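This report describes one protein, from its overall make-up down to single residues. Keep the sequence and the structure in view while reading.

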Amino acid sequence: SSIVIVMLLIMVAMLLSPVFHVIYPAAYFPHYKNILTFHVYSEEPISDEMDEILADVKYRLSASPIHNPENFESIYLCYDKDTYAMFAEPFGASLISQGMNILPLKHVIISLPNIQHKRETFGEDYRFTVVEGSLEHIIAHEITHGDIQDQVGWIKTRTIPRWKNEGYCEYTATIAKIRDASDTALDEWIQKITTLKMPRGYVE
C-alpha cells in the first residue's frame with residue numbers, strides 16, 4: 001500500500017541522512033565555479049583570485065608523476081568551522097586540520113579558518129611546510145591523496161604507512177616551489193627551518 005511505501009521511504013531517508021552530506025557535499029555549498037579542471041564549491045562567493053590559486057595548484061601537481069592533469073577535481077571551501085566539522089567528525093579527522101580528502105569519493109574539503117590560523121601562527125618562518133598556511137599547498141596535498149588512490153586502489157591506500165602517504169603528498173605540494181627558489185633563499189630557509197621546532201600535530 002501507499003502507506004507502507006511512504007514508511008519505507010522515510011526509513012531509507014533516516015538511514016541515509018547521516019551520510020548524505022558526505023555523498024553529495026555540493027548541497028551545502030551555494031556557490032559554484034568551474035576553474036581549469038576544478039569544480040569549486042564554496043559557502044561564500046568565489047573571487048577571481050581563486051583562478052590564480054588553482055593555476056598555482058596545477059603547477060605544484062605537475063611535479064607529481066602520478067597526477068593526471070586531465071582529471072577533474074571537486075573542491076569544497078568551508079568558511080564556517082561547523083561546516084568543516086560536519087565532514088571531519090565522521091571520519092575521525094582533526095577539527096583543526098586544514099583539509100581532507102573523502103576517499104574513495106575524492107571530495108576535497110578545505111577549512112579556510114584553519115588555514116588562516118596556521119598562516120597567522122606560523123607563516124613565512126615555516127615556508128614549504130604544511131603549517132605555512134597556504135591554500136595552494138593544502139589543495140595540492142589533498143588532491144595527491146586521491147592520486148595515490150588512483151594508482152593503487154582505495155583498499156591498498158589504507159594500508160600505506162602514514163609517513164609515506166603524507167610524505168608523498170607533502171613532496172608534491174612543495175617540490176615545484178622549492179625548485180623555483182633561489183639558492184640563496186633556499187640556503188636561508190634551510191638554516192632557519194633547522195632551528196625551528198615543528199609544532200605538535202603538524203601533519204594535520
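## Overall make-up

The structure is a predicted model. The protein has eight helices and five strands. Read from the N terminus, the order of these elements is α-β-β-α-β-α-β-β-α-α-α-α-α.

The protein has 204 residues, and 45% of them are buried. Contacts can also be sorted by how far apart the partners are in sequence. Of the contacts between residues at least 6 apart in sequence, 64% join residues at least 24 apart.

## Helix H2 against helix H5

Two packed helices are described by the angle between their axes and the distance between the axes. For helix H2 (residues 49-61) and helix H5 (residues 135-152), the axes come within 9 Å and cross at roughly 50°. This angle makes H2 oblique to H5. The crossing of the two helices is right-handed.

Which residues make the contact between H2 and H5? On H2 they are Met 50, Ile 53, Leu 54, Asp 56, Val 57, Arg 60 and Leu 61. On H5 they are Leu 135, Glu 136, His 137, Ile 139, Ala 140, Ile 143, Thr 144 and Asp 147. Sorted by class, the residues of this contact are nine nonpolar, two polar and four charged. An α-helix has 3.6 residues a turn, so residues three or four places apart point the same way.

## Met 50 in H2

Met 50 is located in helix H2. Is Met 50 buried or exposed? Its relative accessible area is 9%, so Met 50 counts as buried, the limit being under 20%.

Apart from neighbours within four places in sequence, Met 50 is in contact with Ile 35, Leu 77 and Leu 135. Ile 35 and Met 50 are 15 residues apart in sequence, and their C-alpha atoms are 8.1 Å apart in space.

## Helix H2 against helix H7

H2 also meets helix H7 (residues 162-180), with axes that come within 7 Å and cross at roughly 90°. H2 and H7 are therefore roughly perpendicular to each other.

From H2, the contact uses Asp 56, Tyr 59, Arg 60 and Leu 61. From H7, the contact uses Thr 172, Ala 173, Ala 176, Lys 177 and Asp 180. By class, the H2 and H7 contact has four nonpolar, one polar and four charged residues.

## Helix H4 and what follows

Helix H4 spans residues 112-121, and its residues Leu 112, Pro 113, Asn 114, Ile 115 and Lys 118 are buried. What covers these buried residues of H4? The cover includes strand S3 (73-78), helix H3 (81-88), S5 and H5.

Gly 123 follows H4 and has a positive phi, near 65°. Phe 128 lies in the loop between H4 and H5. Phe 128 is not a glycine, yet its phi is positive, about 70°. Phe 128 has a relative accessible area of 9% and is therefore buried.

## The loop between S4 and S5

Most residues other than glycine have a negative phi, and most peptide bonds are trans. The loop between S4 and S5 contains Pro 104. The peptide bond from Leu 103 to Pro 104 is cis, with omega near 10°.

Lys 106 is found in the loop between strand S4 (99-102) and strand S5 (107-111). Lys 106 is not a glycine, but its phi is positive, about 60°. Why does Lys 106 count as buried? Its relative accessibility is 18%, and buried means under 20%.

Leaving out residues up to four places away in sequence, Lys 106 touches Asn 71, Glu 73, Ser 74, Asn 101, Gly 146, Gln 149 and Asp 150. With Asp 150, the Lys 106 side chain makes a polar contact, side chain to side chain, at 2.8 Å.

Key: Residues numbered from 1 in each chain as written. Predicted model: local features only at pLDDT ≥ 70, side-chain atom pairs only at ≥ 80, totals over all residues. Heavy atoms only, no water. Axes fitted to C-alpha atoms, helices over the stretch in contact; angles between N-to-C directions. Helix = DSSP H or I, 4+ residues; strand = E, 2+ residues; numbered from the N terminus. Parallel < 35°, antiparallel > 145°, perpendicular 65-115°, else oblique. Left-handed = near helix turned anticlockwise from the far one by under 90°. Contact = heavy atoms within 4.5 Å. Nonpolar A, V, L, I, M, F, W, Y, C, P; charged D, E, K, R; others polar. Buried < 20%, exposed > 50% of the residue type's maximum accessible area, 1.4 Å probe, protein only. Polar contact = N/O pair within 3.5 Å; in protein donor to acceptor, adjacent residues only side chain to side chain.
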